[in-house]
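Subject: Structure for you to look at

Dear colleague,

I am handing over a structure that I would like you to look through, and below it you will find my notes. Please keep the view open while you read.

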Amino acid sequence: MFKVNENFQKLPGSYLFSTIAKKVNEYQAAHPEKSIIRLGIGDVTQPLAPVIIEALHKAVDEMGHAETFRGYAPDLGYDFLRNAIAKNDYQDRGCDVSPDEIFVSDGAKSDSANIQELFDTRCRIAVCDPVYPVYVDSNVMAGRTGTYDYDSETWSDVIYMPCIAENGFVPEYPKETPDMIYLCLPNNPTGTTLTKAQLQGWVDYANKVGAVILYDGAYEAYISEDDVPHSIYECEGARTCAIELKSFSKNAGFTGVRLGYTVVPKDLKCGDVSLNAMWARRHGTKFNGAPYIVQRAGEAVYSDEGKAQLKEQVAYYMRNASAIKQGLTEAGFTAFGGVNAPYIWMKTPEGMTSWEFFDYLLDTANVVGTPGSGFGPSGEGYFRLTAFGTYENTLAALERIKNL
């Protein structure tokens with residue numbers, strides 16, 4: 001009889017946000033009269049910018065004529081988009097990244113789950129705790145699990161780096177040497193980040209121990225402080241130890257359009273083996289390229305009009321973040337984040353677990369957030385609220401929370 005991948009059985013029954021959606025839908029079905037405000041999942045609410053809509057329409061029209069029709073996209077991405085990314089996101093910032101080191105995909109979530117395929121299943125990973133759950137889940141699926149410690153709720157192949165209030169939510173170098181280091185900055189869910197000097201320290205550490213940093217910069221557009229790097233390639237030596245993953249979902253509202261990219265420098269090698277060549281081989285085998293229409297929309301992001309319009313969108317969400325943090329503080333909660341990221345990381349009330357607070361908030365205020373324990377063991381006792389709702393709903397949710 002056939003056998004299944006037993007590693008899947010080591011995971012919870014469903015993905016964190018699928019569990020939340022099920023709980024909320026069941027509550028709504030039982031209380032159809034209730035008006036629920038969702039500040040849980042990090043999904044955008046503002047419409048696509050006008051310049052992006054214009055680019056989509058133009059590309060759709062091109063697909064209706066034989067002379068401009070496009071079939072399969074180049075599996076690594078169209079040159080017009082890779083060139084725009086290289087210039088605007090890297091070269092204009094003084095980073096040494098060329099277009100042929102950029103791999104266009106359908107989003108950072110796919111890439112962050114798939115990138116582990118480049119590495120031996122015996123490699124140990126280090127993750128910030130709490131952090132985006134896809135990193136650990138995808139590695140568990142691949143077999144990097146070792147044994148499970150029920151007391152700490154951790155896998156022996158996974159090195160957790162606690163990011164808690166006591167250390168300013170900044171990860172410390174692990175005592176055990178990892179092979180792969182996941183850094184999500186600005187961080188999801190805590191909303192905190194590293195200075196350039198702190199990130200340079202991680203680059204130096206990775207080069208010293210022979211580890212690869214998998215750097216998720218999905219929220220880079222929300223950085224407001226001068227001393228916070230927008231790319232890991234701003235750090236000296238990053239080309240020999242770092243892979244960077246980026247997304248159009250949060251900076252341009254592409255959560256429903258789907259577009260992202262990954263940078264794998266040619267200098268990143270294991271002996272004589274190029275990871276750039278490996279990722280190109282994997283990409284070409286398993287991916288038929290992001291749609292032409294979507295890539296043209298991505299190109300519009302880098303136009304002068306696109307930059308101006310998206311700057312306004314980012315400011316809209318960060319106004320929400322500021323309002324949430326201020327409102328929670330006024331209501332007596334302890335809150336973090338909301339400066340360089342559209343997330344607020346708050347402490348749950350005394351004696352209440354993160355899931356208990358989730359149920360309490362849903363039942364009494366009809367507001368949805370995300371339990372901190374879903375992001376890792378150190379997330380227990382915390383709760384995440386997103387600033388991606390509308391401004392009106394954000395203020396309404398705050399009033400409900402204050403009235404508790």
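The notes go from the whole chain to its sheets, and then to a few single residues.

Please keep in mind that this is a predicted model, in which local features need pLDDT of at least 70 and side-chain atom pairs count only at pLDDT 80 or more, while totals for chains, interfaces and linings use all residues. Residues are numbered from 1 along each chain as its sequence is written, and side-chain values use heavy atoms, with hydrogens and water left out.

The whole chain

The protein chain has 12 helices and 17 strands, where helices (H or I, at least four residues) and strands (E, at least two) are DSSP runs numbered from the N terminus. Its radius of gyration, taken over C-alpha atoms, is 21 Å, close to the 22 Å that the globule rule (2.2 Å times the number of residues to the power 0.38) gives for 404 residues, so the chain is as compact as a globular protein of that length. Along the principal axes, the C-alpha trace spans about 60 × 55 × 50 Å. Of the 404 residues, 53% count as buried, which here means under 20% relative accessible area (1.4 Å probe, protein chains only), with exposed being over 50% and partly exposed in between. If a contact is defined as heavy atoms within 4.5 Å, then residues 24 or more positions apart account for 72% of the contacts with a separation of 6 or more.

Two sheets

Strands of a sheet pair through backbone hydrogen bonds, either parallel or antiparallel; two strands are counted as paired if DSSP finds at least two bridges between them. Strand β2 pairs with β10 (residues 260-263) in the antiparallel sense over 4 bridges, and Phe103 stands opposite Thr262 in β10.

Another open sheet is formed by 4 strands in the order β13-β14-β17-β16, with antiparallel pairing. The edge strands are β13 (335-337) and β16 (370-371), each of which pairs on one side only. Between β16 and β17 (residues 382-386), which run antiparallel, there are 2 bridges, and the bridge partner of Pro371 in β17 is Phe383.

Single residues

How many disulfides does a search of the whole structure find? It finds 0, a disulfide being a pair of cysteine sulfur atoms within 2.5 Å. For Cys128, which is in no disulfide, the nearest cysteine sulfur is that of Cys163, 4.1 Å away. Cys128 counts as buried, because its relative accessibility is 3%.

Gly217 lies in the loop between β8 (212-216) and β9 (242-247), and with a relative accessible area of 3% this residue is buried. Leaving aside neighbours within four places in sequence, Gly217 is in contact with Leu185, Leu245 and Lys246.

Finally, Glu62 belongs to helix α2 (residues 50-62) and counts as buried at 17% relative accessibility. Not counting residues up to four places away in sequence, Glu62 touches Thr68, Phe69, Arg70 and Tyr292.
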